[in-house]
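Work through the two exercises below on the open spaces of the model shown here, and follow each solution step by step.

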Amino acid sequence: MIIDLRSDTVTKPTPEMRQAMFAAEVGDDVYQEDPTVNRLEERAAQIFGKEAALYVPTGTMGNTIAIKVHTHHGEEVVCDARSHILNYELAMLSWFAGCVPRAIPTEDGVLSWDRIQPEVRPLGPHWAPTGLIEIENSHNMAGGTVTPIEIVNDICDKAHERGIPVHMDGARVFNASACLGRPVAEITAKVDTVMFCLSKGLGAPVGSMLVGTREAIDKGRLYRKRLGGGMRQAGVLAAAGLIALEQMPHRLSDDHVNAKLLAEGLAKIPGISIDPAKVQTNIVIYDVSGTGLTAPEFVKQLRGRGINCGPVNDAKIRFVTHFDVSTDQCKAALGACEEVAAAVGKR
Ligand code: TLP
């Protein structure tokens, strides 16, 4: 059996989700008549302490809509240099919103006002104005790192003083919440919009939510339709999303324990480098260049031993823990890494 550590997107819906999907009450959601979608949107808004929410097929669409809602063509979006919106969304912020990214490199994916402030521009004879600031929490490619609430709040306060909105890519904000031991509503209290995914660690087969003010969400609903995201009897999907939202957040810390176990084990393998202290949530990114193999070569060797994962670049590999991988399977993955590293040593 393959142990799939490529992403938390690979989770399969639970039997309870499948039951709920089977029994879901539905209607046409483009007319806002799907009772299950409506319930999911109301619950998401309630849990985040915001006015309204919008069910979208993917996190990418949620981020794309949020950026469009907040900006005008020809503006800049300040984000971390390794952010998902910049590197993994096919330049949607330029394609759909007509904006350019203003990327800020960070050590660990955590932006701060000190780093952002010099990059904030007013409209000038040469400059595009800053239309939006984006925070990714937890931060995928920085290894699941979490931006503390005080930093989120500080960025929001300073941005708002200058009339700049803040969007959070909270694809994994429930992981950030489990790590901080604080409710998502506190983490996102000051951001103007937050996108979170039901289809990652929360285990739903499909779907993400955009949450914010009534005005932003009403506008966002029209952009969702423009993007082809008006989904009709989407209640069959939203039913699984409701279970994901209500029942799955509490178990995310199990994934974090498994990620820590992986990180600590990996750190002991000669040729592999990772600082386990930096692993806060369910993403483990480690460097294999000291083994003499490139990351794609290492990944291929792991695949031959039943472990599925992906390279981040030539040197680094990403493992993501989720509810379809057990602690024993994580131990097996560690065993496979040891074997691969040792086999190179003997060449
Ligand atoms: N991330 C995926 C890949 O696209 C890399 C993964 O396997 O981690 N924001 C963040 C922070 C994400 O990690 C992702 C997906 C998204 C947005 C987009 O979500 P989807 O895949 O639903 O469009």
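**Exercise 1: the largest pocket**

Describe the largest pocket by its volume, its lining and its place between domains.

Solution. The largest pocket has a volume of about 370 Å³, where a pocket is, on a 1 Å grid over the protein atoms alone, an open set of points where a 1.4 Å probe fits, with protein on both sides within 12 Å along at least five of seven lines, and a volume is the space filled by probe spheres set on the points, joined across faces, edges and corners. This is a predicted model, in which local features need pLDDT of at least 70 and side-chain atom pairs count only at pLDDT 80 or more, while totals for chains, interfaces and linings use all residues. Residues are numbered from 1 along each chain as its sequence is written, and side-chain values use heavy atoms, with hydrogens and water left out.

Next comes the lining (residues with an atom within 4 Å of a point): it holds 20 residues, with Ala142, Gly143, Lys278, Ile285 and Lys316 nearest the centre. Strand S9 (residues 283–287) gives the largest share, five residues. Because domain 1 (11–247) and domain 2 (251–345) both contribute to this lining, the largest pocket lies between them.

**Exercise 2: the second largest pocket**

Which residues lie nearest the centre of the second largest pocket, and which element gives the largest share of its lining?

Solution. The second largest pocket holds about 240 Å³ of space. Of its 19 lining residues, Gly59, His84, Ala171, Cys197 and Lys200 lie nearest the centre. Helix H3 (59–70) and strand S7 (193–197) each supply at least two lining residues, and the largest share, three residues, comes from H3.

Notes: Helix = DSSP H or I, 4+ residues; strand = E, 2+ residues; numbered from the N terminus. Domains from an automatic or database assignment.
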